[in-house]
Amino acid sequence: MLTDKELKKKFKKVASDNPDKYYATEILKKEGFERKQCRKCGLHYWTTHKNKETCGDASCIGKVDIFSGAPAKKPLDFVDVWLGFKSFFEKRGYRTVQRYPVIARWNPTIDFTNASIAAFQPYVISGESAPPAPKLIIPQFSLRFGDVDNVGVTGSHCTGFVMIGQHVFVEPKDWNQEEFFKDIYEYITKEVGIPKEELTLHEDSWAGGGNFGPCMEFFSRGVELFNQVYMMFEHTDHGDRELKLKVLDMGLGMERVAWFTQGASTIYDAAFPTVIDRLKKKLKVKFDKDLYKKFAPLATRLNFDEVEDVDAVWKEIAGEIGVNVEELKNKIQPMTALYSLAEHTRALLFAISDGGLPSNVGGYYNLRVIFRRAMDFIEQYKWKIELGEISEWHANYLEPIYPDLASNLPDVKKILENEKQKYFAAKQKGAQAVDQLLKSGKEITTERLLSLYDSQGVSPETVKEEAKKIGIKVHIPDNFFALVAERHEKNEQKTQTRKERDIDLQGIPATDALYFDSYDYLAFEAHVLKIIDDKMVVLDRTAFYPTSGGQLHDKGKINGDEVIEIFKQGKVIVHVMKDKPKFKAGDKVHGKVDDKIRLQLAQHHTAAHIINGVAKKVLGNHVWQAGASKSLEKARLDITHYDSLNDKEIKEIEEKANEIIAKNLPIYKSFMPRAAAEAKYGFTLYQGGAVPGNEIRVVEIEGLDVEACGGTHLNLTGETKIIKILKSSKIQDGIVRIEFTAGEAAEKTLSKEGDLLKEVAEALGVDEKKLPARVEELFTKWKKAKKGKLSKDEFDLVADKEYEGTDVLVKLAEMLKTQPEHVSKTVLRFKKELDVLRGKA
């Protein structure tokens, strides 16, 4: 098997040797194009200019050449680019699809939607699920973090961008490559109005995930406008073959088209002009238009990924412009900071709106990186501006295309403000770490800079400035943020979602799962298909639920023999017996699920959905399920949230959850085609992560929660009986865990709490009703002791007499955490104070 890189290289030569077979050359020839080979890079390209010798890439012509007058018939506003594209392609039979979230919860392979085609991976591309339409277009906002260092500097790099997709998903018999090429060619020449003489088309190839095909790239004046990938073949161990589903993947950079048609100084001026103008005025940044006009065509040379000595390039550019290099930097860098601030805020607006939270964990660390970089610029230039304010400007400008952004602004602003507090807290803490490092005399290496940034949030510029004060030089790598990103790998899901083994099930058909029909489907008849190792039984149909989706398996009996465990391997459900069963393969048997266990598990699973829906209403739309576990004794739900939950929030979630129970709402369960379910409910379906298959099971509590879920659920919310939250804790950055009980388990919890309250009251020698006042009295005593208002003898007396009661209080607090409120707020502090004072005494 070849790697994707090797496959691309191999097929590129195959396509170059036979261009008429793999590219729409007939149309190009009719339009007057001829095929050439670049004398600099060797690439094959098409042009109408007989004397042209290079392919037109910026690296081959030395610059981007759009600033002396754009070749398009009219300048296009950023929003107008999409509106014009939409109108043009809808007339040609393409269906418009709304953007997918930039947080790619439906896709198990990526954190962020990084291209328009990613919206349809992996299930549509694989043919497992039907596409929204055979021919479609989409204005997909995308995120990529490989070029953070270049943003603002080169004038053309973004972390967040809109990739307009022209996509086709058809069988080979319906594949018409020339038609698809003609559609995009006529869009750029007729709708955008770029003369064909201004276009250079590159022959290329593409490979990814074992699929490959030819690719045609459209260039003009050093700018790659878009490319069109024809995904036609599959690479396997047995050789290459034609795909059963052929895919057209055309990705057009919306920002680039706006920039190109306007001939604007930077891509940022073209993509969010109103935001840039407002920032210039508010921040009073001096903008030397004449200087920037000279600098802009050369800025692409400052690509940190391609340049070894950036300082040398700055000097080179300064020399060509005719200014001192320090003067050039002093005038240009405030503008690059302003551009970065605008660009990063827009990326954060989309990510947070779609449920992403800046974090130290997994891919979401990239959001924290760009947030910190934006804040570093604000601090460096002492600007008085809030990212929430800039977010609002972006949302207003983008309203014609993305009206959902404005409705999410309250949540976005709250999260950005919280992140700002974390930034300053980290900065204060980091200042001490920098001071210690400088005093230690240790060499300030790149690794130490990365470690300080990663663990303390200290920007490398801060270290450099502090070091400069004591005569120490610090070198900051030009690709610093790329190095930061390398340190963070994709986070794995924390909760086990299924128990799977590897046993020989060859020839065994998929098990007919009866538990989907209703949680109280408990008794059934079935045939034994196979018995493995005397204790593992496979039936043709079963009502027993296997461990999966964070839910524990059922228990019960088959023909009176005890079933102690159930697991699923592939599509086959396996029953593990306590002893060797009396029945044999081929027998007809009667199965009976333990009704009490099934009810308790169903109550806990339904309660998890109720709490998830309520938490989103109480805390905000950024709340998503990040993991779950449901056992008989208790359950837990992990949600995305930027801070620990306080007592008020926990109390409100519990109260509102029980209000949902009291309303006795119906719980709808049905199987739906994936595309239909996504069209009806959106991507909130994927609370538990990616769900495979063309058909998915949807569980809906109308008006509260809807999820793709295969677990056992009640028919009415009232059957949950009661929900009792035990405690909440922050298990990692951006993830909060809620532990709870429901149904009979919750009733046992309440009974146990009553006994504990009585025990505490007895230990302290007070009536239960007077317990709150007594707790406060104890805490007040320890506060006095801390301030030295009690003598040592008085302290020892109080400690000896009341420490036992304090231990009981701590035990109670650990079990209840948030109930009752007076305990949760004082007991842990009380115990901590006591331990400190004991140590001092």
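Student: Is strand β4 mostly covered or mostly open, and how many of its residues are buried?
Tutor: This is a predicted model. In it, strand β4, residues 135-143, is mostly covered, with 9 of its 9 residues buried.

Student: Which residues point which way from β4?
Tutor: K135, I137, P139, F141 and L143 point one way, while L136, I138, Q140 and S142 point the other way, and all are buried. In a regular strand, side chains alternate between the two faces of the sheet.

Student: Which way does strand β3 run relative to β4, parallel or antiparallel?
Tutor: Strand β3, residues 95-96, and β4 run parallel and are joined by 2 bridges. T96 has I137 of β4 as its bridge partner.

Student: And how many bridges does β4 have with β5?
Tutor: β4 pairs with strand β5, residues 160-170, in the antiparallel sense over 9 bridges. Within β5, G165 stands opposite I138.

Student: What about the loop between β3 and β4; where does P122 come in?
Tutor: P122 lies in that loop. The peptide bond leading from Q121 to P122 is cis, with omega near -5°.

Student: Next, helix α5. What is its reach from first C-alpha to last?
Tutor: Helix α5, residues 78-90, has 13 residues and reaches 19 Å, close to the 18 Å expected at 1.5 Å a residue. At its start, a side-chain oxygen of D77 comes to within 3.0 Å of the backbone nitrogen of V79.

Student: Which residues of α5 are buried?
Tutor: They are F78, V79, V81, W82, G84, F85, F88 and F89.

Student: What is F85 in contact with, leaving aside its neighbours within four places in sequence?
Tutor: F85 is in contact with I137, I164, G165, Q166, I184, Y187, M250 and L252.

Student: Which residues touch the most other members of the largest nonpolar core?
Tutor: The core has 184 residues, and those touching the most other members are F85, F181, Y187, L279, F295, L341 and W383. Helix α12, residues 325-353, provides the largest share of this core, 15 residues. Apart from it lies another core, of 33 residues, among them A608, V618, L704 and V736.

Student: Changing topic: what is the strand order in the open sheet of 4 strands?
Tutor: The order is β18-β19-β24-β23, with antiparallel pairing. β18 (625-630) and β23 (723-732) stand at the edges with a single partner strand each, so one side of each has no neighbour in the sheet. From one strand to the next, the twist averages 15°.

Student: How many bridges are there between β18 and β19?
Tutor: β18 and β19, residues 635-640, pair over 5 bridges in the antiparallel sense. The bridge partner of S629 in β19 is R636.

Student: Which helix lies across those strands?
Tutor: Helix α20, residues 595-619, lies across β18, β19, β23 and β24 (735-742), and runs at about 135° to β24.

Technical notes
Residues are numbered from 1 along each chain as its sequence is written. This is a predicted model: local features need pLDDT of at least 70, side-chain atom pairs count only at pLDDT 80 or more; totals for chains, interfaces and linings use all residues. Side-chain values use heavy atoms; hydrogens and water are left out. The expected span of a helix is 1.5 Å times one less than its number of residues. Buried means under 20% relative accessible area, exposed over 50%, partly exposed in between (1.4 Å probe, protein chains only). A polar contact is a pair of N or O atoms within 3.5 Å; within protein, one must be able to donate a hydrogen and the other to accept it, and residues adjacent in sequence count only if both atoms are side-chain atoms. Two strands pair if DSSP finds at least two bridges between them. A nonpolar core is a set of buried Ala, Val, Leu, Ile, Met, Phe, Trp, Tyr and Cys residues joined through side-chain atoms within 4.5 Å. Contact means heavy atoms within 4.5 Å. Axes are lines fitted to C-alpha atoms, for helices over the stretch in contact, and angles run from 0 to 180 degrees between N-to-C directions.
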